[in-house]
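Here is a short briefing to read alongside the model. Take a look at the fold, then walk through the points below.

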Amino acid sequence: MTPATQRSISDEIARIHASADPGETRTRLDFPPYRSSLLRHPTKRPLVVDPEDVELAAPVFGQSDVDPTEADLTLHPQGDPIGERIVVTGRVLDADGRPVRGQLVEIWQANAAGRYVHKGDQHPAPLDPHFHGAGRCLTDDDGWYRFTTIKPGPYPWRNHHNAWRPAHIHFSLFGREFTQRLVTQMYFPGDPLFALDPIYQSITDQKARDRLVATYDHELTTHEWATGYRWDIVLTGAHATPIEQEADDA
């Protein structure tokens, strides 16, 4: 089968957006331009299970409490990672603007060359031996999180011919147990790949898509050290951050 072209994918996106209901802010689970969503999106109602049984098989992220150094992805005993050092910070809030305290926030991302430390990522971009691409922290009493990392690069994926994903960082937020997990992506302002990306465009409302894009913050930027980005996460309500409801593309 001949792979789709970027032009045909963009035309599909435009047709779907034109027929979408105004103000549709949810992420579409079945979005044909995002080819694998046709096979991966849920087609049946979720099963009700005992959450305690699920937690017995849940992942274990460490044998100790979250350490503050885990929020700095640039720390490596053998050297500094390659790329633009950035600080990403923001607040986790509910629909009424109240802070969500003690929230476990995890991130993972590609390196500056656009490659993940993952066996499934074998495209010809270099791995950085000083960058593992994952971190975590807890929000403070005012709902703030903060990470120091490297700005990720865009990367190719096999949705269609010459397909490239905009640079992004994956965010995961856990509630009181492992069965309460939300996953989303944070993007960077002005990325020329936004209009071409069917994952980003699977949210048909522009204002909702905009809520996935961080804001450059010069007050957060540090002299001769790192540029700064601000990105708040709203969990519920009309201005909630769009959430992924299926496996990501990485």
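Of the 250 residues of the protein chain, 44% count as buried, where buried means under 20% relative accessible area, exposed over 50% and partly exposed in between (1.4 Å probe, protein chains only). This is a predicted model, in which local features need pLDDT of at least 70, side-chain atom pairs count only at pLDDT 80 or more, and totals for chains, interfaces and linings use all residues. Residues are numbered from 1 along each chain as its sequence is written, and side-chain values use heavy atoms, with hydrogens and water left out.

**Overall picture**
- The protein chain holds 4 helices and 11 strands; these are DSSP runs (helices H or I, at least four residues; strands E, at least two), numbered from the N terminus.
- Among contacts in the protein chain with a separation of 6 or more, 70% come from residues 24 or more positions apart; contact means heavy atoms within 4.5 Å.

**Strand pairing**
- Strands S1 (residues 85-93) and S10 (residues 227-230) run parallel and are joined by 4 bridges; two strands pair if DSSP finds at least two bridges between them.
- Within this part of the fold, Val87 stands opposite Gly228 in S10.
- S10 also pairs with strand S9 (residues 215-216), in the antiparallel sense and over 2 bridges, and Thr215 has Arg230 in S10 as its bridge partner.

**The nonpolar core**
- The largest nonpolar core has 39 residues, of which Tyr145, Phe147 and Phe171 touch the most other members; such a core is a set of buried Ala, Val, Leu, Ile, Met, Phe, Trp, Tyr and Cys residues joined through side-chain atoms within 4.5 Å.
- Two or more residues of this core come from each of H1, S1, S2 (104-109), S4 (144-150), S7 (168-174) and S8 (181-187).
- Leaving aside residues up to four places away in sequence, Phe147 touches residues including Ile86, Val87, Val105, Ile107 and Phe171.

**Two buried polar residues**
- Gln185 lies in strand S8 and is buried, at a relative accessible area of 3%.
- The Gln185 side chain makes polar contacts with the side chains of Arg165 (3.1 Å) and Tyr187 (2.9 Å); a polar contact is a pair of N or O atoms within 3.5 Å, and within protein one must be able to donate a hydrogen and the other to accept it, while residues adjacent in sequence count only if both atoms are side-chain atoms.
- Glu12, in helix H1 (residues 6-19), is buried with a relative accessible area of 16%.
- Beyond residues up to four places away in sequence, Glu12 touches Pro32, Pro33 and Arg35.
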